[in-house]
Amino acid sequence: MTQPVHCEIAVIGAGVVGVASALWLRRQGYRVLLLEREAIAAGASYGNAGTLAPYGVMPIAQPSLLKAIPSLLFSKDSPFVINWARLPQLMPWLLRFLNECRPSRCEANTRALSQILQLTYSGYAPLLADSPAADRHLHHNGCIYAYRSEHGFANAQTAIELRRSLGIAQQVLNAADVAQLEPALAGKAVAGILFPESSHMDDPRAFIEALAAPLVAEGALHRATITTLQRQGGGLQLRSAEGQTYRSDRVVLCGGAWSAALARQVGDHIPLDTERGYHIEFDLQDTLLNRPCCPVESAFYMTPMAGRLRVAGTVELGSINDPANPQRFDFLERHVRQVIGLTQPVARKWLGFRPSLPDSLPVIGPSPNEPRMIYAFGHQHLGLTLAGATGQLVAECIAGKAPQWLDSFSVQRF
């Protein structure tokens, strides 16, 4: 029989949130094991738009969305789709989501996101200081929202004013400003917004792998698909599908879209579901863009990366087990060709799973049923942005120094 592996803290999941959490705990002197079923940044941490978005305070659930739902759900050209065959399983999540569209809930969720987003760069700073190789993948050129119609820009005014009230740096652009900053968008936008404090990565996986290098060098990364979690004595025992047992004083659960099943084993029923995210890539020596750009009405990002342009976005509510939807790839390809006139063939396609909660807030903090279990998942579109901040907050939770405002992210809100 394989002998159990002992550690002080087991971190489940080697996406960017798990890596950042493990690094923060390592900095606090804990003996950490990082348990991952595939490889570092194998899932949504790899396939995202590659942006750090401290401006991203607007939850997906907003009052304006209620009026738009019919067109979003039934338009053949919508960036938001549902696998209708799975509607009975999705209904509880959707009802919670609709409740979060109420103005009072949207305002509360916006302010909670604003609070944690203030830690975007301070959360990463010590990790990047320890890993200059990761820092070299970051580019600080800002991000542009581009509006193709006056109607679209008019609809953005509420969000613009709200971000302004929260002190978020943004610069409103006219069509000439957009064209000057991004010549590829000349004639394609009537207005825009520049977020000067945004950054992007030229290779998200390489960035995360470089961050994780100290953990790998120390042998802290273990290939393990954790399937069972049990209380044992003063700690927790984990069993993997590979037949290994781990015994840990504490567990930090950063398993992304797969986290809810393990949480149920300690009695926490968390309304986590999956947004299926898509990207396509074009191999280009000249990526045409200087920074990430989002044609807002089409709801995707175009991000210049090393030797390629990544086009990522849209929302599809469905199962982790469903095959990729070809229409989502077609949507991205058709619209990016319209926006910047690409003629090159698509080089790669990807489908991944964003862990999503109805209020757009992640779960961060201890389980009410098992205080030795710390949750850090459900970041939806902000996992890359909030990873450093989440790692910092996980370390503060374990040290008993979590800020009071973190209660907004507690699992007890459900």
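A disulfide is a pair of cysteine sulfur atoms within 2.5 Å. The model shown here is predicted, so local features need pLDDT of at least 70 and side-chain atom pairs count only at pLDDT 80 or more, while totals for chains, interfaces and linings use all residues. Residues are numbered from 1 along each chain as its sequence is written, and side-chain values use heavy atoms, with hydrogens and water left out.

**View A. Cysteines Cys7, Cys254 and Cys397.**
The structure holds 0 disulfides. Cys7 is in no disulfide, and its nearest cysteine sulfur belongs to Cys254, 13 Å away. For Cys397, the closest cysteine sulfur is again in Cys254, at 11 Å, which is too far for a bond. Cys7 counts as buried at 4% relative accessibility, where buried means under 20% relative accessible area, exposed over 50%, and partly exposed in between (1.4 Å probe, protein chains only). Cys397 is also buried, at 16%.

**View B. Crossing of helices α1 and α11.**
Helix α1 covers residues 16–27 and helix α11 covers residues 204–217; their axes come within 10 Å and cross at roughly 35°. Axes are lines fitted to C-alpha atoms, for helices over the stretch in contact, and angles run from 0 to 180 degrees between N-to-C directions. Helices (H or I, at least four residues) and strands (E, at least two) are DSSP runs, numbered from the N terminus. The α1 and α11 crossing is left-handed, a term used if the near helix is turned anticlockwise from the far one by less than a right angle (right-handed if clockwise). On the α1 side the contact is made by Val16, Val19, Ala22, Leu23 and Arg26, and on the α11 side by Ile208, Leu211, Ala212, Pro214 and Leu215. Contact means heavy atoms within 4.5 Å. By class, the contact of α1 with α11 has 9 nonpolar, no polar and 1 charged residues. In this classification Ala, Val, Leu, Ile, Met, Phe, Trp, Tyr, Cys and Pro are nonpolar, Asp, Glu, Lys and Arg are charged, and the others, Gly among them, are polar.

**View C. The largest nonpolar core.**
A nonpolar core is a set of buried Ala, Val, Leu, Ile, Met, Phe, Trp, Tyr and Cys residues joined through side-chain atoms within 4.5 Å. The largest one has 38 residues, and those with the most contacts inside it are Val11, Val19, Leu25, Tyr124, Phe207, Leu211 and Val252. At least two residues each are supplied by β1 (5–12), α1, β2 (32–36), α6 (120–129), α11, β20 (373–377) and α14 (383–398). Helix α1 gives the largest share of this core, 8 residues. A second, separate core of 31 residues includes Leu117, Cys143, Tyr147 and Ala191. In soluble globular proteins, nonpolar side chains tend to be buried together.

**View D. Surroundings of Tyr124.**
Neighbours within four places in sequence are left aside here; Tyr124 is then in contact with Val16, Leu52, Phe207, Leu211, Leu384, Thr385, Ala387 and Gly388.

**View E. Tyr30, between α1 and β2.**
Tyr30 lies in the loop between α1 and β2 and counts as partly exposed, at 23% relative accessibility. Apart from neighbours within four places in sequence, Tyr30 is in contact with Glu8, Ile9, Leu25, Arg250 and Ile398. Ser64 is 34 residues from Tyr30 in sequence and 46 Å from it in space, C-alpha to C-alpha.

**View F. Ile60 and Ser360.**
Ile60 is found in the loop between β3 (51–52) and α3 (63–74) and is partly exposed, with a relative accessible area of 30%. Not counting residues up to four places away in sequence, Ile60 touches Leu65, Phe97, Ser360, Gln380 and His381. The C-alpha atoms of Ile60 and Leu361 are separated by 9.8 Å, although these residues are 301 apart along the chain. Ser360 is in the loop between β18 (348–356) and β19 (363–366). Ser360 is buried, at 5%, and its phi is near 70°, a positive value in a residue other than glycine.

**View G. Thr314 in strand β17.**
Thr314 is found in strand β17 (residues 308–317). Its phi is positive, about 70°, although Thr314 is not a glycine. Thr314 is buried, with a relative accessible area of 3%.

**View H. Ser298, between β15 and β16.**
Ser298 lies in the loop between β15 (293–295) and β16 (300–305) and is buried, with a relative accessible area of 5%. With neighbours within four places in sequence left aside, Ser298 is in contact with Pro79, Phe331 and His335. The C-alpha atoms of Ser298 and Val5 are separated by 48 Å, and the two residues are 293 apart along the chain.
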